[in-house]
2 protein chains.
Amino acid sequence: MKKVLVLLHPGFEEIEAITAVDLLRRAGITVTTASVTKDLKILGSRNVSVMADALLSACADQIFDMLLIPGGPGVDALRMRPEVLELVRKFRNEQGYIAAICAAPLVLMDAGITSNLTVTSFPGSEEEFTGQVRSYVQDRVHIDGKVITSRGAGTSEEFALTLISLLLNPEAAEQVRQRIVAR
Amino acid sequence: MKKVLVLLHPGFEEIEAITAVDLLRRAGITVTTASVTKDLKILGSRNVSVMADALLSACADQIFDMLLIPGGPGVDALRMRPEVLELVRKFRNEQGYIAAICAAPLVLMDAGITSNLTVTSFPGSEEEFTGQVRSYVQDRVHIDGKVITSRGAGTSEEFALTLISLLLNPEAAEQVRQRIVAR
């Protein structure tokens with residue numbers, strides 16, 4: 001059984017977080033949403049309050065196959081959290097998957113793991129990556145080994161289906177894709 | 001300022017509800033999420049708990065331009081709620097917009113408003129509409145006057161952008177579409 005840890009941070013982009021949680025759970029993957037604050041209730045960027053499954057501080061001892069970070073304006077504050085940057089480095093060192101969408105690839109950059117990686121991100125964040133990555137691409141979803149990056153709320157579905165394909169197999173992703181009447 | 005009432009029901013499909021709320025709010029539309037139960041906290045179909053903005057029972061006196069109903073397995077129970085069927089009839093009688101996605105068009109059928117309408121829905125619900133609608137189509141989003149129907153989580157983005165286009169104008173929808181890096 002594959003396990004994924006999704007970080008929920010104040011100001012997270014709701015579509016990016018919820019689409020991943022929903023589609024991965026449809027595929028039978030165990031998803032834990034973890035609040036980076038001391039409160040399970042987290043307010044997203046478009047004023048939707050979501051209850052996280054756990055506090056991140058309570059997840060430290062568990063083992064996950066993937067760390068997934070949604071974007072949104074909350075990423076600015078997320079980049080200031082040393083425990084989150086440390087978590088990214090831990091996943092990288094232990095060869096887990098790391099998935100980040102929209103502005104969230106900036107967290108990977110701040111954690112210092114991107115210098116040998118090719119990434120994409122929200123178009124508005126592109127310039128910040130100059131000199132910090134091997135190369136920057138404008139793919140809707142980009143896979144570089146175990147690090148998967150994507151661009152925004154409108155690429156969330158492709159991002160989530162790619163993650164299912166990597167964690168399980170392409171057939172599992174295709175089943176979910178058909179079930180939701182995706183394009 | 002346009003106002004939209006989104007019904008949240010236990011077992012609602014998270015992507016369908018959240019995508020609409022998020023994108024409509026991005027367009028500057030005032031969206032109120034209303035719980036159909038006595039609890040603001042509502043558990044979706046893929047175990048995401050969301051806090052509604054209000055109880056539906058507290059929204060009775062307000063005027064909205066659109067009623068929006070997300071799908072999900074919770075629609076089975078929603079169809080049993082006389083106050084919800086009455087609400088659908090009220091919007092229809094007062095010529096408000098009614099938007100329903102996935103299994104939610106069945107609620108419109110049960111409210112008795114579909115006999116002269118062309119609708120779509122989740123593919124699995126198609127047969128239930130036999131003899132209850134003017135015609136059934138497999139469009140990803142279908143507009144019949146002020147009633148807009150759509151098919152599933154994978155058509156949520158097109159559904160929401162269509163609603164923005166109708167409530168505001170096509171330029172507003174296009175702005176949101178570009179901002180989220182939609183296809």
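**Chatting through the dimer contact**

Tutor: Let's start with a pair of residues: Ser49(A) stands opposite Met51(B) in β4(B). This is a predicted model, where local features need pLDDT of at least 70, side-chain atom pairs count only at pLDDT 80 or more, and totals for chains, interfaces and linings use all residues. Residues are numbered from 1 along each chain as its sequence is written, while chains are lettered from A and ligands numbered from 1 in the order in which they are written.

Student: OK, and in which sense do β4(A) and β4(B) pair?
Tutor: Antiparallel, over three bridges, with β4 of chain B covering residues 49-51. Strands pair if DSSP finds at least two bridges between them. Strands here are DSSP runs (E, at least two residues) and helices are too (H or I, at least four), numbered from the N terminus.

Student: How many residues does the contact take from each chain?
Tutor: It takes 26 residues from chain A and 26 residues from chain B, where contact is C-beta atoms, placed from the backbone, within 7 Å. On the chain A side, α1 (14-26) and β4 (49-51) each supply at least two residues. α1(A) gives the most, with eight residues.

Student: And what's the mix by class?
Tutor: The chain A side has 11 nonpolar, six polar and nine charged residues. Ala, Val, Leu, Ile, Met, Phe, Trp, Tyr, Cys and Pro count as nonpolar, Asp, Glu, Lys and Arg as charged, and the others, Gly among them, as polar.

Student: What rotation superposes chain A on chain B?
Tutor: One of 180 degrees with 0.0 Å of shift along its axis, at RMSD 0.0 Å (least squares on C-alpha atoms of residues with pLDDT of at least 70 in both copies). The two copies are therefore related as by a two-fold rotation axis. In chain A, Val50(A) has the C-alpha nearest the axis, at 2.3 Å. Both copies use the same surface, as 100% of the contact residues of chain A recur in chain B.

Student: Switching topic: what's the strand order in the chain A sheet?
Tutor: Seven strands form an open, mixed sheet in the order β5-β2-β1-β6-β7-β11-β10. β5 (54-55) and β10 (141-144) of chain A are at the edges with a single partner strand each, so one side of each is left without a neighbour in the sheet.

Student: How do β6 and β7 of chain A run?
Tutor: Parallel: four bridges join β6(A) (residues 66-69) to β7(A) (residues 97-101). Met66(A) stands opposite Tyr97(A) there.

Key
Two residues are in contact if their C-beta atoms, placed from the backbone, lie within 7 Å.
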